[in-house]
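Open the model in a viewer and keep the sequence panel at hand. The stops below say what to select and what is there.

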Amino acid sequence: MTSLSILARRSWFAASAGAAILSIAFPAKIFADEKTSTPGDAKPVPGSARVGAGVRVVSYPAPDPIGRGKERALVLGGGGEWFVAWQLAYFTTLAESGVDFSIADAVVGTSAGSALGTLLTSGRMAQGANIFKWFAEHPEYMSQLVVVNTGAASQTRARELQSTTNSHDPQAIKELGRVAMAAKNAPVEDYQIAIQQIIGPMDWPSPAMHTTAVDCYTGERLVVYPDSGIPIRDAISASSSLPGIFGPTWLDDHVAMDGGISRSGTHADLMAGARRVVVIALSNGDPQFALLSPFHAPIEEELDVVRKSGSEVFVTFANPPKGTNFLDPKEMAVAAKMGVAKAKEDLAALSKLWNR
């Protein structure tokens, strides 16, 4: 049976089938050799998710930021498959030039950033880069693996409300949570299996890694810490549970949606107090990008919070082309090229900031 015929039988891959598909489709060693150390690679922390301190509800700005007292902090924003491909290319290019972000003392990832941060801090960047490079070259496989449309009217309703909401006040966020809970998406368990196949076997990638999500019912920000007792695949699933697309996902006693369905797509305030903070965001808030996140507050508001804490801040923006579909795998090749170009542009400044 060919890999394509296997894919045709399911819209998502189960654990054993997914591994078989990846190995058949890309026999040239899609997974990084874990015995070989590569730039940007660190070691995962097996079993750390079993400690179980629970998910934190964290107000804005964070009263006790994760970054306080840390040397290097990294903030990774969201932007769908497109931004995962962009960030993989960006960080791989920087690592090859001697700027290694896996040494960050604290990392917070939102939506796409939660997946990228996991690959970065677990030492699986090479694996992730290989997988996404292959999918960028064969987008038809990703299209069949990641089915985002069940045809349900409830999905359409959720997507439409997200695209027309222009406020991040608590009531607006709770309304988005309400349609997220009511949307008939593909089973979240299948989504989590797919995530696990991409990131590899682990409970939690690193003591440095944190993810964000939003409580659908209360609209409050949720932060998953390394000692939360939540498996990383569930944390990523929650952080990327976009209304009318994926999820929502249970985190402890919270039914959670995408961490970007809030006032922020990055949650940079969580890293206030670190000596050096690098923020990777999808867009700079220019009007041409307004439809990407019409309910976000200007990113400068949270960057000011970080700067006023005494942190030295470097921020870079992907600024995708107008009309980009962030969930279309055909767009990933463009994303990767843009990520490489931006890394080369930022290299000198980041080397000076990060490596000193």
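**Whole chain.** Start with everything displayed as a cartoon. This is a predicted model, and its secondary structure consists of 12 helices and 9 strands. Colour by accessibility next: of the 356 residues in the protein, 55% are buried. Among contacts between residues at least 6 apart in sequence, 83% join residues at least 24 apart.

**Helix 12.** Select residues 332-354, which form helix 12. How far apart are the end C-alpha atoms of this 23-residue helix? They are only 27 Å apart, whereas a straight helix at 1.5 Å a residue would reach 33 Å. Centre the view on L347, where helix 12 has a kink of about 55°. Then show the side chains of the buried positions in helix 12, including M332, A335, K342, D346, L350 and W354.

**Helices 5 and 9.** Select residues 125-137 for helix 5 and residues 188-199 for helix 9. Their axes are 8 Å apart, and the helices pack at an angle of about 115°. For the contact itself, show Q127, I131, F132 and F135 from helix 5 with Q197, I198 and I199 from helix 9. By class, the residues of this contact are 5 nonpolar and 2 polar, with no charged ones.

**Q162.** Move to helix 7, residues 153-164, and pick out Q162. Is the Q162 side of the picture buried or exposed? Q162 has a relative accessible area of 15%, under the 20% cut-off, so it counts as buried. Leaving aside residues up to four places away in sequence, Q162 touches L176, L242, P243, I261, P294 and F295.

**Aromatic rings.** Show the rings of Phe, Tyr and Trp; the count of aromatic pairs comes to 10. Zoom in on W86 and Y90, a stacked pair with 4.8 Å centre to centre and 15° between the planes. Both residues belong to helix 3 (residues 80-96), where they are 4 residues apart, about one turn of the helix. W86 and Y90 are both buried.

Next select F101 and W354. Their ring centres are 4.4 Å apart and the planes are at 35°, so this pair is tilted. F101 is in the loop between helix 3 and strand 3 and W354 is in helix 12, so the pair ties together parts 253 residues apart in sequence. F101 and W354 are both buried.

**Cis peptide bonds.** Display the backbone around Y60 and P61: the peptide bond from Y60 to P61 is cis, with omega near -10°. P61 is in the loop between strand 1 and strand 2. Another cis peptide bond joins G247 and P248, with omega about -5°. P248 lies in the loop between helix 10 and strand 6.

**Positive phi.** S111 is in the loop between strand 3 and helix 4, and its phi is near 55°, a positive value in a residue other than glycine. With 9% relative accessibility, S111 counts as buried. D252, in the loop between strand 6 and strand 7, also has a positive phi, near 55°. At 44% relative accessibility, D252 counts as partly exposed.

Technical notes
Residues are numbered from 1 along each chain as its sequence is written. This is a predicted model: local features need pLDDT of at least 70, side-chain atom pairs count only at pLDDT 80 or more; totals for chains, interfaces and linings use all residues. Side-chain values use heavy atoms; hydrogens and water are left out. Helices (H or I, at least four residues) and strands (E, at least two) are DSSP runs, numbered from the N terminus. The expected span of a helix is 1.5 Å times one less than its number of residues. The bend at a residue is the angle between axes fitted to the seven residues ending there and the seven starting there. Buried means under 20% relative accessible area, exposed over 50%, partly exposed in between (1.4 Å probe, protein chains only). Axes are lines fitted to C-alpha atoms, for helices over the stretch in contact, and angles run from 0 to 180 degrees between N-to-C directions. Contact means heavy atoms within 4.5 Å. Ala, Val, Leu, Ile, Met, Phe, Trp, Tyr, Cys and Pro count as nonpolar, Asp, Glu, Lys and Arg as charged, and the others, Gly among them, as polar. Rings of Phe, Tyr and Trp (its six-membered ring) pair if their centres lie within 6.5 Å; planes under 30 degrees apart count as stacked, over 60 as edge-to-face and the rest as tilted.
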